[in-house]
Amino acid sequence: MAVLDLKRKLAILSDAAKYDASCASSGSVKRDSMGGKGVGSTDGMGICHAYAPDGRCISLLKILLTNFCVYDCAYCVNRVSSNTPRARFTPEEVVDLTLGFYKRNYIEGLFLSSGIIRNADYTMEQLVRVAKLLREVHDFRGYIHLKVIPEASPALVNEAGLYADRLSINIELPKDESLAAFAPEKDLGDIKKAMGAVRVGVDAAKEPARKARPPKFAPAGQSTQMIVGADGASDGEILKRSETLYGAYRLRRVYYSAFSPIPDSTARLPLQRPPLVREHRLYQADWLMRFYGFERAEIIGEGEDLDLTVDPKLAWALRNRGDFPVDLNSADRERLLRVPGLGVRACDRILDLRGHKRIVLEDVKRLSRGLAKLKPFIVTDDWRPGGLTDAADLKARLAPPPKQLELF
Ligand code: SF4
(Lines give C-alpha, C1' and ligand atoms only; values in the text may rest on other atoms or scores of the structure.)
Protein backbone atom coordinates (compact mmCIF):
# COMPACT_ATOMS: atom_id res chain seq x y z
CA MET A 1 0.00 0.00 0.00
CA ALA A 2 1.29 3.45 -0.92
CA VAL A 3 2.52 5.59 1.95
CA LEU A 4 0.65 8.88 2.00
CA ASP A 5 2.26 12.08 3.14
CA LEU A 6 0.65 14.04 5.93
CA LYS A 7 -0.81 16.65 3.60
CA ARG A 8 -2.58 14.04 1.48
CA LYS A 9 -3.89 12.29 4.58
CA LEU A 10 -5.18 15.59 5.87
CA ALA A 11 -6.95 16.25 2.57
CA ILE A 12 -8.66 12.83 2.63
CA LEU A 13 -9.53 12.76 6.31
CA SER A 14 -10.78 16.30 6.59
CA ASP A 15 -12.93 15.80 3.49
CA ALA A 16 -14.30 12.55 4.95
CA ALA A 17 -15.26 14.39 8.15
CA LYS A 18 -17.48 16.88 6.36
CA TYR A 19 -20.46 14.51 6.51
CA ASP A 20 -20.59 14.83 10.26
CA ALA A 21 -22.68 17.89 11.02
CA SER A 22 -22.37 17.74 14.77
CA CYS A 23 -20.02 20.68 14.89
CA ALA A 24 -20.63 22.20 11.50
CA SER A 25 -20.90 25.89 10.84
CA SER A 26 -23.89 26.73 8.71
CA GLY A 27 -25.95 29.54 7.33
CA SER A 28 -23.21 31.22 5.32
CA VAL A 29 -22.96 31.74 1.59
CA LYS A 30 -20.65 29.77 -0.67
CA ARG A 31 -17.41 31.64 -1.35
CA ASP A 32 -13.98 30.55 -2.45
CA SER A 33 -10.73 32.13 -3.50
CA MET A 34 -10.25 30.19 -6.74
CA GLY A 35 -8.64 32.18 -9.51
CA GLY A 36 -6.47 34.17 -7.16
CA LYS A 37 -9.27 36.40 -5.95
CA GLY A 38 -9.48 36.96 -2.24
CA VAL A 39 -8.35 34.82 0.64
CA GLY A 40 -10.18 31.86 2.17
CA SER A 41 -13.23 29.79 1.44
CA THR A 42 -16.47 28.90 3.15
CA ASP A 43 -16.75 25.51 1.52
CA GLY A 44 -13.29 24.23 2.31
CA MET A 45 -12.87 21.39 4.73
CA GLY A 46 -10.75 20.80 7.77
CA ILE A 47 -11.74 23.65 10.01
CA CYS A 48 -15.26 24.06 11.33
CA HIS A 49 -16.86 26.29 13.89
CA ALA A 50 -18.57 25.35 17.10
CA TYR A 51 -19.83 27.12 20.17
CA ALA A 52 -17.88 26.67 23.39
CA PRO A 53 -19.78 26.24 26.68
CA ASP A 54 -19.37 29.96 27.37
CA GLY A 55 -21.04 30.86 24.06
CA ARG A 56 -17.87 31.81 22.14
CA CYS A 57 -17.63 30.71 18.52
CA ILE A 58 -14.45 28.68 18.15
CA SER A 59 -12.61 27.10 15.23
CA LEU A 60 -11.95 23.37 15.37
CA LEU A 61 -9.71 21.11 13.35
CA LYS A 62 -12.32 18.63 12.11
CA ILE A 63 -10.90 15.32 10.96
CA LEU A 64 -11.30 11.58 11.06
CA LEU A 65 -8.59 9.43 12.57
CA THR A 66 -9.26 7.12 9.64
CA ASN A 67 -11.89 6.63 6.96
CA PHE A 68 -11.24 2.88 6.87
CA CYS A 69 -14.27 1.18 8.33
CA VAL A 70 -15.21 -2.44 8.82
CA TYR A 71 -18.93 -1.56 8.91
CA ASP A 72 -21.09 -1.23 5.83
CA CYS A 73 -23.63 1.50 6.57
CA ALA A 74 -25.39 2.06 3.25
CA TYR A 75 -25.61 5.88 3.60
CA CYS A 76 -21.91 6.36 4.38
CA VAL A 77 -19.14 7.06 1.88
CA ASN A 78 -16.62 5.41 4.23
CA ARG A 79 -18.41 2.05 4.40
CA VAL A 80 -16.26 -1.02 3.79
CA SER A 81 -17.74 -1.61 0.32
CA SER A 82 -17.13 1.97 -0.86
CA ASN A 83 -14.51 2.68 -3.47
CA THR A 84 -13.11 5.79 -1.83
CA PRO A 85 -9.43 6.69 -1.23
CA ARG A 86 -8.47 5.68 2.30
CA ALA A 87 -6.05 7.13 4.80
CA ARG A 88 -5.21 6.80 8.44
CA PHE A 89 -3.49 9.02 10.96
CA THR A 90 -1.61 7.72 13.95
CA PRO A 91 -2.73 9.30 17.23
CA GLU A 92 0.66 11.04 17.41
CA GLU A 93 0.09 12.62 13.97
CA VAL A 94 -3.28 13.99 15.08
CA VAL A 95 -1.65 15.39 18.21
CA ASP A 96 1.11 17.07 16.17
CA LEU A 97 -1.37 18.54 13.69
CA THR A 98 -3.61 19.85 16.45
CA LEU A 99 -0.73 21.46 18.32
CA GLY A 100 0.76 22.84 15.10
CA PHE A 101 -2.50 24.47 13.99
CA TYR A 102 -3.21 25.64 17.52
CA LYS A 103 0.16 27.31 17.92
CA ARG A 104 -0.29 29.06 14.58
CA ASN A 105 -3.64 30.35 15.83
CA TYR A 106 -5.66 28.56 13.15
CA ILE A 107 -7.80 26.60 15.58
CA GLU A 108 -8.91 26.55 19.18
CA GLY A 109 -9.71 22.87 19.39
CA LEU A 110 -10.20 19.49 17.79
CA PHE A 111 -13.20 17.54 16.54
CA LEU A 112 -12.17 13.92 16.07
CA SER A 113 -14.22 11.05 14.73
CA SER A 114 -13.28 7.78 13.05
CA GLY A 115 -14.38 4.81 11.03
CA ILE A 116 -14.25 1.52 12.92
CA ILE A 117 -10.80 -0.04 12.67
CA ARG A 118 -10.66 -3.71 13.74
CA ASN A 119 -13.36 -3.28 16.41
CA ALA A 120 -15.07 -0.67 18.54
CA ASP A 121 -12.73 -0.93 21.54
CA TYR A 122 -9.56 -0.66 19.47
CA THR A 123 -10.93 2.42 17.67
CA MET A 124 -12.10 4.06 20.87
CA GLU A 125 -8.71 3.41 22.48
CA GLN A 126 -7.04 5.27 19.61
CA LEU A 127 -9.40 8.23 19.90
CA VAL A 128 -8.93 8.39 23.66
CA ARG A 129 -5.17 8.16 23.20
CA VAL A 130 -5.21 11.34 21.11
CA ALA A 131 -7.12 13.26 23.79
CA LYS A 132 -5.01 11.81 26.58
CA LEU A 133 -1.73 12.75 24.87
CA LEU A 134 -3.00 16.25 24.22
CA ARG A 135 -4.15 16.80 27.79
CA GLU A 136 -1.58 14.90 29.80
CA VAL A 137 1.62 15.14 27.79
CA HIS A 138 1.14 18.55 26.15
CA ASP A 139 -1.15 20.19 28.71
CA PHE A 140 -3.49 21.15 25.86
CA ARG A 141 -6.27 23.35 27.17
CA GLY A 142 -8.20 23.84 23.95
CA TYR A 143 -11.59 22.35 23.19
CA ILE A 144 -11.84 18.65 22.34
CA HIS A 145 -14.92 17.00 20.85
CA LEU A 146 -14.63 13.21 20.55
CA LYS A 147 -16.97 10.90 18.74
CA VAL A 148 -17.91 7.89 20.84
CA ILE A 149 -18.06 4.48 19.20
CA PRO A 150 -21.30 3.17 20.74
CA GLU A 151 -20.16 -0.44 20.99
CA ALA A 152 -16.99 0.48 22.90
CA SER A 153 -16.63 -0.61 26.51
CA PRO A 154 -18.09 1.71 29.18
CA ALA A 155 -14.60 2.10 30.70
CA LEU A 156 -13.33 3.65 27.46
CA VAL A 157 -16.38 5.92 27.14
CA ASN A 158 -15.75 7.03 30.69
CA GLU A 159 -12.09 7.73 29.96
CA ALA A 160 -13.07 9.75 26.88
CA GLY A 161 -15.30 11.92 29.06
CA LEU A 162 -12.42 12.75 31.35
CA TYR A 163 -10.42 14.32 28.51
CA ALA A 164 -13.06 15.65 26.10
CA ASP A 165 -15.20 18.75 26.47
CA ARG A 166 -17.97 17.23 24.43
CA LEU A 167 -18.83 13.68 23.42
CA SER A 168 -21.20 12.77 20.64
CA ILE A 169 -22.79 9.51 19.62
CA ASN A 170 -24.63 9.53 16.32
CA ILE A 171 -28.14 8.11 16.37
CA GLU A 172 -27.88 8.27 12.54
CA LEU A 173 -31.46 7.54 11.48
CA PRO A 174 -34.75 8.52 13.07
CA LYS A 175 -36.51 5.15 12.80
CA ASP A 176 -35.38 1.88 14.40
CA GLU A 177 -36.24 -0.10 11.30
CA SER A 178 -34.20 2.25 9.07
CA LEU A 179 -31.13 1.76 11.21
CA ALA A 180 -31.58 -2.00 10.99
CA ALA A 181 -31.99 -1.81 7.20
CA PHE A 182 -29.21 0.66 6.37
CA ALA A 183 -26.67 0.07 9.15
CA PRO A 184 -26.98 -3.64 9.93
CA GLU A 185 -23.89 -3.76 12.18
CA LYS A 186 -25.18 -0.96 14.39
CA ASP A 187 -27.39 -1.66 17.32
CA LEU A 188 -29.81 0.94 18.64
CA GLY A 189 -29.53 -0.64 22.08
CA ASP A 190 -25.75 -0.02 22.10
CA ILE A 191 -26.24 3.58 20.96
CA LYS A 192 -28.75 4.24 23.75
CA LYS A 193 -26.58 2.47 26.32
CA ALA A 194 -23.59 4.65 25.39
CA MET A 195 -25.73 7.81 25.55
CA GLY A 196 -26.99 6.69 28.95
CA ALA A 197 -23.41 6.14 30.17
CA VAL A 198 -22.42 9.65 29.05
CA ARG A 199 -25.45 11.13 30.76
CA VAL A 200 -24.58 9.37 34.01
CA GLY A 201 -20.99 10.67 33.76
CA VAL A 202 -22.11 14.26 33.04
CA ASP A 203 -24.68 14.19 35.87
CA ALA A 204 -22.21 12.71 38.36
CA ALA A 205 -19.65 15.40 37.59
CA LYS A 206 -22.25 18.05 38.36
CA GLU A 207 -23.19 16.64 41.76
CA PRO A 208 -22.31 19.06 44.53
CA ALA A 209 -18.90 18.11 45.91
CA ARG A 210 -18.92 16.25 49.17
CA LYS A 211 -15.42 15.41 50.39
CA ALA A 212 -13.60 15.35 47.08
CA ARG A 213 -14.46 17.31 43.93
CA PRO A 214 -15.86 14.94 41.30
CA PRO A 215 -13.63 14.78 38.19
CA LYS A 216 -14.74 16.85 35.20
CA PHE A 217 -16.63 14.82 32.63
CA ALA A 218 -17.54 16.18 29.18
CA PRO A 219 -18.43 19.61 30.57
CA ALA A 220 -19.98 20.63 27.24
CA GLY A 221 -22.31 17.60 27.42
CA GLN A 222 -23.25 15.30 24.57
CA SER A 223 -24.79 15.74 21.16
CA THR A 224 -25.91 13.56 18.27
CA GLN A 225 -26.58 13.71 14.56
CA MET A 226 -29.56 12.45 12.60
CA ILE A 227 -29.51 12.07 8.83
CA VAL A 228 -32.57 13.59 7.21
CA GLY A 229 -34.06 12.31 3.98
CA ALA A 230 -32.22 8.99 3.66
CA ASP A 231 -35.20 6.94 4.80
CA GLY A 232 -38.87 7.80 4.50
CA ALA A 233 -39.14 9.25 8.02
CA SER A 234 -41.48 12.21 8.34
CA ASP A 235 -40.42 15.41 10.12
CA GLY A 236 -42.82 14.43 12.91
CA GLU A 237 -40.98 11.13 13.41
CA ILE A 238 -37.61 12.90 13.35
CA LEU A 239 -38.68 15.44 15.95
CA LYS A 240 -40.29 12.74 18.09
CA ARG A 241 -36.93 10.97 18.19
CA SER A 242 -35.23 14.25 19.17
CA GLU A 243 -37.81 14.87 21.89
CA THR A 244 -37.08 11.43 23.35
CA LEU A 245 -33.31 11.96 23.17
CA TYR A 246 -33.45 15.36 24.86
CA GLY A 247 -35.64 13.94 27.61
CA ALA A 248 -33.89 10.63 28.23
CA TYR A 249 -30.24 11.61 27.75
CA ARG A 250 -30.25 15.39 28.27
CA LEU A 251 -28.49 15.97 24.97
CA ARG A 252 -27.22 19.48 24.40
CA ARG A 253 -28.09 19.29 20.74
CA VAL A 254 -29.45 17.13 18.00
CA TYR A 255 -27.92 18.04 14.64
CA TYR A 256 -29.92 17.43 11.48
CA SER A 257 -27.88 16.60 8.44
CA ALA A 258 -29.55 16.48 5.03
CA PHE A 259 -28.63 13.20 3.34
CA SER A 260 -25.98 13.61 0.63
CA PRO A 261 -26.28 11.03 -2.16
CA ILE A 262 -23.07 9.06 -2.43
CA PRO A 263 -21.51 7.19 -5.36
CA ASP A 264 -22.47 3.54 -5.96
CA SER A 265 -25.02 3.51 -3.20
CA THR A 266 -27.93 1.11 -2.92
CA ALA A 267 -31.06 1.82 -4.95
CA ARG A 268 -32.98 1.98 -1.66
CA LEU A 269 -31.42 5.39 -0.99
CA PRO A 270 -32.70 8.53 -2.73
CA LEU A 271 -30.74 9.98 -5.65
CA GLN A 272 -31.27 13.56 -4.54
CA ARG A 273 -30.60 15.31 -1.28
CA PRO A 274 -33.68 16.78 0.44
CA PRO A 275 -34.13 20.56 0.13
CA LEU A 276 -31.88 22.43 2.57
CA VAL A 277 -34.89 24.36 3.78
CA ARG A 278 -36.16 21.10 5.33
CA GLU A 279 -33.03 20.88 7.49
CA HIS A 280 -33.51 24.56 8.39
CA ARG A 281 -37.17 24.07 9.41
CA LEU A 282 -36.18 21.09 11.57
CA TYR A 283 -33.62 23.25 13.40
CA GLN A 284 -36.27 25.94 13.91
CA ALA A 285 -38.73 23.39 15.31
CA ASP A 286 -35.99 21.95 17.51
CA TRP A 287 -35.33 25.44 18.95
CA LEU A 288 -39.02 25.86 19.70
CA MET A 289 -38.88 22.67 21.80
CA ARG A 290 -35.67 23.62 23.59
CA PHE A 291 -36.01 27.35 24.19
CA TYR A 292 -39.61 28.41 23.57
CA GLY A 293 -41.55 25.95 25.70
CA PHE A 294 -43.29 24.14 22.84
CA GLU A 295 -44.15 20.45 23.05
CA ARG A 296 -43.32 18.49 19.92
CA ALA A 297 -46.97 17.51 19.51
CA GLU A 298 -47.97 21.21 19.34
CA ILE A 299 -45.59 21.77 16.45
CA ILE A 300 -46.23 18.65 14.42
CA GLY A 301 -48.03 15.31 14.45
CA GLU A 302 -45.93 12.16 14.21
CA GLY A 303 -46.74 11.36 10.59
CA GLU A 304 -46.63 14.94 9.32
CA ASP A 305 -44.00 17.09 7.61
CA LEU A 306 -43.21 20.69 8.46
CA ASP A 307 -44.57 23.40 6.21
CA LEU A 308 -41.55 24.52 4.18
CA THR A 309 -43.11 27.84 3.19
CA VAL A 310 -43.30 29.38 6.68
CA ASP A 311 -41.31 28.86 9.87
CA PRO A 312 -42.84 26.45 12.41
CA LYS A 313 -43.68 29.15 14.96
CA LEU A 314 -45.63 31.14 12.40
CA ALA A 315 -47.29 27.92 11.20
CA TRP A 316 -48.37 27.21 14.80
CA ALA A 317 -49.71 30.74 15.27
CA LEU A 318 -51.70 30.54 12.03
CA ARG A 319 -53.31 27.32 13.28
CA ASN A 320 -54.01 28.81 16.71
CA ARG A 321 -55.28 32.27 15.95
CA GLY A 322 -57.65 32.10 18.93
CA ASP A 323 -54.58 32.60 21.17
CA PHE A 324 -53.85 35.97 19.52
CA PRO A 325 -53.42 38.90 19.60
CA VAL A 326 -51.07 38.95 22.59
CA ASP A 327 -50.89 42.20 24.56
CA LEU A 328 -47.18 43.02 24.89
CA ASN A 329 -47.91 45.21 27.91
CA SER A 330 -49.46 42.48 30.04
CA ALA A 331 -48.63 38.98 28.66
CA ASP A 332 -46.33 36.74 30.69
CA ARG A 333 -43.02 35.45 29.25
CA GLU A 334 -44.52 32.13 28.21
CA ARG A 335 -47.11 33.85 26.01
CA LEU A 336 -44.62 36.36 24.61
CA LEU A 337 -42.40 33.49 23.49
CA ARG A 338 -45.24 32.16 21.33
CA VAL A 339 -45.50 35.31 19.22
CA PRO A 340 -44.06 34.74 15.72
CA GLY A 341 -41.11 37.03 15.09
CA LEU A 342 -40.23 37.52 18.78
CA GLY A 343 -37.04 35.77 19.85
CA VAL A 344 -36.00 34.92 23.39
CA ARG A 345 -33.90 38.08 23.70
CA ALA A 346 -36.64 40.33 22.38
CA CYS A 347 -39.13 38.84 24.86
CA ASP A 348 -36.76 39.44 27.77
CA ARG A 349 -36.12 42.98 26.55
CA ILE A 350 -39.86 43.67 26.40
CA LEU A 351 -40.26 42.42 29.96
CA ASP A 352 -37.39 44.73 31.03
CA LEU A 353 -38.81 47.70 29.18
CA ARG A 354 -42.20 47.19 30.78
CA GLY A 355 -40.65 48.16 34.11
CA HIS A 356 -40.02 51.66 32.71
CA LYS A 357 -42.65 52.44 30.08
CA ARG A 358 -45.65 51.28 28.07
CA ILE A 359 -44.70 49.29 24.95
CA VAL A 360 -45.49 50.93 21.62
CA LEU A 361 -44.96 49.73 18.06
CA GLU A 362 -41.72 51.70 17.74
CA ASP A 363 -40.20 49.62 20.61
CA VAL A 364 -41.15 46.41 18.84
CA LYS A 365 -39.66 47.68 15.61
CA ARG A 366 -36.32 48.17 17.34
CA LEU A 367 -36.40 44.70 18.88
CA SER A 368 -37.49 42.64 15.92
CA ARG A 369 -36.44 42.35 12.32
CA GLY A 370 -39.90 41.64 10.93
CA LEU A 371 -42.60 43.98 12.16
CA ALA A 372 -44.97 42.95 9.36
CA LYS A 373 -44.90 39.37 10.65
CA LEU A 374 -45.60 40.50 14.20
CA LYS A 375 -48.40 42.99 13.67
CA PRO A 376 -51.26 40.50 13.15
CA PHE A 377 -50.40 38.82 16.46
CA ILE A 378 -49.76 41.67 18.91
CA VAL A 379 -51.41 44.53 20.76
CA THR A 380 -49.38 47.56 21.90
CA ASP A 381 -50.45 50.93 23.30
CA ASP A 382 -50.75 52.32 19.81
CA TRP A 383 -51.68 49.23 17.76
CA ARG A 384 -54.49 46.69 17.53
CA PRO A 385 -54.64 44.28 14.59
CA GLY A 386 -58.46 44.23 14.35
CA GLY A 387 -59.59 41.70 11.76
CA LEU A 388 -56.03 41.16 10.48
CA THR A 389 -55.40 38.26 12.90
CA ASP A 390 -58.24 36.27 11.35
CA ALA A 391 -57.75 37.34 7.73
CA ALA A 392 -58.23 34.38 5.39
CA ASP A 393 -55.18 35.34 3.32
CA LEU A 394 -52.87 35.99 6.28
CA LYS A 395 -50.51 33.12 5.46
CA ALA A 396 -50.15 34.31 1.87
CA ARG A 397 -49.39 37.82 3.12
CA LEU A 398 -46.70 36.62 5.54
CA ALA A 399 -45.04 33.81 3.59
CA PRO A 400 -41.96 34.98 1.71
CA PRO A 401 -42.57 35.08 -2.05
CA PRO A 402 -41.35 31.93 -3.85
CA LYS A 403 -37.91 32.35 -5.41
CA GLN A 404 -37.43 32.03 -9.14
CA LEU A 405 -35.20 29.03 -9.81
CA GLU A 406 -32.00 29.81 -11.65
CA LEU A 407 -31.77 27.98 -14.98
CA PHE A 408 -28.16 28.75 -15.77
S1 SF4 B 1 -19.65 3.00 11.22
FE2 SF4 B 1 -19.53 5.18 10.76
S3 SF4 B 1 -17.79 5.37 9.35
FE4 SF4 B 1 -18.33 3.21 9.41
S5 SF4 B 1 -19.69 2.90 7.67
FE6 SF4 B 1 -20.99 3.30 9.46
S7 SF4 B 1 -21.34 5.52 9.46
FE8 SF4 B 1 -19.59 5.09 8.09
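The legends below describe close-up views of a predicted model.

**Figure 1. Overview of the predicted chain and its confidence.** The chain holds 15 helices and 9 strands. Of its 408 residues, 40% are buried. Contacts between residues at least 6 apart in sequence join, in 65% of cases, residues at least 24 apart. The average pLDDT is 88, and 88% of the residues score at least 70. Residues 24-34 have a pLDDT below 50, and this stretch makes 15 contacts in the model beyond near neighbours in sequence. The pLDDT is also below 50 over residues 38-44, a stretch with 12 such contacts.

**Figure 2. Surroundings of the ligand.** The residues around the ligand include three cysteines, Cys69, Cys73 and Cys76. Tyr71, Asn78, Arg79, Gly115, Ile116 and Ala183 also belong to this shell. By class, the shell has 6 nonpolar, 2 polar and 1 charged residues.

**Figure 3. Pairing of strands β2 and β3.** Strand β2 (residues 57-64) and strand β3 (residues 109-113) run parallel and are joined by 5 bridges. Between β2 and β3 the chain passes through helix α2 (residues 91-103), and this β-α-β crossover is right-handed. Within the pair, Leu60 is placed opposite Gly109 of β3.

**Figure 4. Ala233 in the loop between β6 and α7.** The loop that holds Ala233 lies between β6 (222-228) and α7 (235-249). Ala233 counts as buried because it has 21 C-beta neighbours inside 10 Å, where 20 or more are required. Apart from neighbours within four places in sequence, Ala233 is in contact with Pro174, Lys175, Ser178 and Ile238. The C-alpha atoms of Ala233 and Asp305 are 9.2 Å apart, with the two residues 72 apart in sequence.

**Figure 5. Two non-glycine residues with positive phi, Arg118 and Arg250.** Arg118 lies in the loop between β3 and α3 (120-137), and its phi is about 60 degrees. Arg118 has 11 C-beta neighbours inside 10 Å and therefore counts as exposed, the limit being 12 or fewer. Arg250 is in the loop between α7 and β7 (253-258), with phi near 50 degrees. Arg250 has 14 C-beta neighbours inside 10 Å, so this residue counts as partly exposed.

**Figure 6. The cis peptide bond between Phe324 and Pro325.** Omega of this bond is about 0 degrees. Pro325 is located in the loop between α10 (312-319) and β8 (326-327).

Notes: Residues numbered from 1 in each chain as written. Predicted model: local features only at pLDDT ≥ 70, side-chain atom pairs only at ≥ 80, totals over all residues. Near = placed C-beta within 6 Å. Nonpolar A, V, L, I, M, F, W, Y, C, P; charged D, E, K, R; others polar. Pairing = 2+ DSSP bridges. Helix = DSSP H or I, 4+ residues; strand = E, 2+ residues; numbered from the N terminus. Right-handed = clockwise from strand over helix to strand, strands pointing away. Contact = placed C-beta atoms within 7 Å. pLDDT = per-residue confidence, 0-100.
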